[in-house]
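Reader: Please take a close look at one part of this model and set it in its surroundings. I would like each term given with its cut-offs.

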Number of protein chains: 2
Amino acid sequence: MSDPKIIDGNLISKQILDELKVKIAASGGPQPRVTFVRVGEDSASVYYVNKKQKTAKEIGIDSSVQVLPENTSENELLEVIDNLNKDTSVHGILVQSPLPSTISEEAAFNRVHPDKDVDGLNIKNFGRLCQEDVEGFVACTPAGIIELLKRSDIGIDGKHAVVVGRSLLVGKSCALLLMQKGQNGNATVSICHSYTQNLSAITKQADILIVAMGKAEFVTDAMVKPGAVVIDVGINRVIDDSRKRGYRIVGDVDFKNVLPLVSKITPVPGGVGPMTVAILMQNTLKAYKKAHLAD
Amino acid sequence: MSDPKIIDGNLISKQILDELKVKIAASGGPQPRVTFVRVGEDSASVYYVNKKQKTAKEIGIDSSVQVLPENTSENELLEVIDNLNKDTSVHGILVQSPLPSTISEEAAFNRVHPDKDVDGLNIKNFGRLCQEDVEGFVACTPAGIIELLKRSDIGIDGKHAVVVGRSLLVGKSCALLLMQKGQNGNATVSICHSYTQNLSAITKQADILIVAMGKAEFVTDAMVKPGAVVIDVGINRVIDDSRKRGYRIVGDVDFKNVLPLVSKITPVPGGVGPMTVAILMQNTLKAYKKAHLAD
């Protein structure tokens with residue numbers, strides 16, 4: 001990882017968390033507080049909520065979890081969210097996905113008060129993203145990508161950014177951030193997806209290539225312009241009998257063959273991934289400040 | 001205007017209005033009703049509200065105008081909007097811009113109930129646009145552009161659409177519609193603007209080129225791919241002493257020189273412009289149906 005071309009997401013997220021720790025200690029007031037809502041015992045959900053709680057504790061953010069049984073109805077979950085919305089001691093609320101299939105995730109996310117929506121998934125925060133309102137909360141992955149670029153001294157202004165993938169949570173939100181007015185935006189943005197014809201002709205134009213398609217090692221060296229910056233959002237398991245657990249994690253980019261071409265690239269794991277928790281903590285501090293200002 | 005390459009916005013908007021008239025007459029219930037709110041006596045506002053009222057009347061939509069004095073405060077305007085939100089006899093509300101500079105247009109638009117927001121400018125409707133929620137209201141110009149394409153049998157699916165201009169009301173909303181999942185979306189979308197370098201290299205890739213930059217006749221034949229579809233959203237006055245009024249209206253595209261190249265093109269005036277009123281009426285009928293369903 002000492003190759004200067006490789007953007008070290010672990011290092012950058014640690015910098016952010018260290019800065020947050022100092023700010024929180026300096027704030028002097030009551031601790032910022034985030035509540036996680038988890039429905040059922042999905043193992044990934046349990047793992048992620050634990051990890052987020054651990055990070056929160058390390059930097060001085062108080063957290064709690066409300067665990068609801070697997071058979072919780074949508075209305076029961078919405079009532080729990082309503083109560084947390086009303087609870088002034090809770091600054092941030094995060095409803096951990098995946099939810100059981102009987103509950104609409106969109107309904108749950110849209111119920112979280114927009115000013116406590118530290119995950120940035122409420123409809124009003126997508127509206128704020130469109131309106132370029134800095135008071136809004138941006139979802140952790142796209143916000144983390146912009147922060148990675150910024151802290152790696154990669155200018156966005158005037159660059160041609162190509163985003164592969166049009167999911168609301170990554171591709172579309174990234175595109176909206178990259179095209180915003182201002183120094184950390186102003187990119188010409190192209191959005192590609194499964195219906196794009198001649199994909200490589202477009203990806204090869206990218207000064208900044210952001211890939212979030214969910215296809216293991218899909219983007220090859222033939223699809224990348226020499227000197228480009230490549231941000232790989234993919235997390236894919238591929239079978240690997242040489243590993244004890246039988247698989248390894250790879251991104252959407254053929255890292256080994258693309259690396260020689262690029263000016264900068266994020267690895268998987270250790271690139272975009274670690275940024276999401278750091279941004280979640282940043283958003284929690286922002287929610288805390290909003291609550292204080294409202295006092 | 002008999003050139004088959006020219007997309008006749010007047011004709012298409014008339015078709016839409018004729019269809020709406022039939023639907024409204026068949027609905028049997030009380031008339032759909034839209035209320036316009038106008039602050040002050042800006043001559044363009046007076047003109048547009050009159051025009052919208054005239055069209056509404058022709059197709060069986062009831063309308064009224066609340067005229068507020070130029071010195072109305074923001075709070076007074078918001079109170080008027082609150083009352084209209086509560087008034088169950090009003091299905092659609094449109095706050096005519098421009099508002100006096102002492103009032104935030106965003107605050108006013110965001111106050112209109114999202115389900116009465118026939119102009120599609122409420123923050124929640126931008127969120128719904130991101131979420132691809134068909135229950136939302138889309139602003140009249142971008143929705144009108146998609147409708148023009150659809151009714152001109154121009155497929156969007158898999159095409160490369162280039163949008164020049166990133167305003168929320170036109171460029172950004174258009175881009176979000178074009179990239180949506182489904183047959184009337186699925187385009188690869190590039191968004192260009194004043195910071196785009198080598199603009200013509202990108203516009204020349206467009207199968208569908210949408211121009212909303214506000215620069216008279218800026219897009220020349222050298223910037224357009226042969227066979228492209230060109231949608232011109234610009235409305236610019238240029239001095240013309242041969243006209244009685246001393247000017248003529250032109251678009252952002254050098255129409256005369258681009259026409260020979262394209263497969264289809266919208267004229268200015270008579271292209272996108274007439275569509276906006278037709279979509280407003282369509283949105284009003286949608287708001288009316290929403291109100292009835294809620295009964």
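Author: Of the contacts in chain A between residues at least 6 apart in sequence, 69% join residues at least 24 apart; two residues are in contact if their C-beta atoms, placed from the backbone, lie within 7 Å. This is a predicted model, in which local features need pLDDT of at least 70, side-chain atom pairs count only at pLDDT 80 or more, and totals for chains, interfaces and linings use all residues. Residues are numbered from 1 along each chain as its sequence is written, while chains are lettered from A and ligands numbered from 1 in the order in which they are written.

Chain A contains ten helices and ten strands (DSSP runs numbered from the N terminus, H or I of at least four residues for helices and E of at least two for strands). The radius of gyration of chain A is 19 Å, close to the 19 Å from the globule rule for 295 residues, so chain A is as compact as a globular protein of that length. That radius is taken over C-alpha atoms, and the rule is 2.2 Å times the number of residues to the power 0.38. Along the principal axes, the C-alpha atoms of chain A fill a box of roughly 55 × 45 × 35 Å. Of the 295 residues in chain A, 50% are buried (20 or more other C-beta atoms within 10 Å of a residue's own; 12 or fewer is exposed, in between is partly exposed, with C-beta atoms placed from the backbone).

Where the chains meet, strand 5 of chain A and strand 5 (residues 188-192) of chain B run antiparallel and are joined by three bridges. A:Ser190 has B:Ser190 as its bridge partner there.

A:Glu132, in the loop between helix 5 and helix 6 (140-151) of chain A, has a positive phi of about 60° without being a glycine. A:Glu132 is partly exposed, with 17 other C-beta atoms within 10 Å. A:Asn186 also is not a glycine and has a positive phi of about 60°; its loop runs between helix 7 and strand 5 of chain A. A:Asn186 counts as buried, with 21 C-beta neighbours inside 10 Å.

Moving on into chain B, strand 5 of chain B runs parallel to strand 4 of chain B, with five bridges between them. One facing pair is B:Val164 and B:Cys192. Strand 4 (residues 160-164) of chain B has five of its five residues buried, so the strand is largely enclosed by the rest of the structure. In a regular strand, side chains alternate between the two faces of the sheet. In strand 4 of chain B, B:His160, B:Val162 and B:Val164 point one way and B:Ala161 and B:Val163 the other, all of them buried.

The loop between strand 10 and helix 10 of chain B holds B:Pro269, and the peptide bond from B:Val268 to B:Pro269 is cis, with omega near -5°. Another cis peptide bond, with omega about 0°, joins B:Ser97 and B:Pro98.

Conventions
Pairing = 2+ DSSP bridges.
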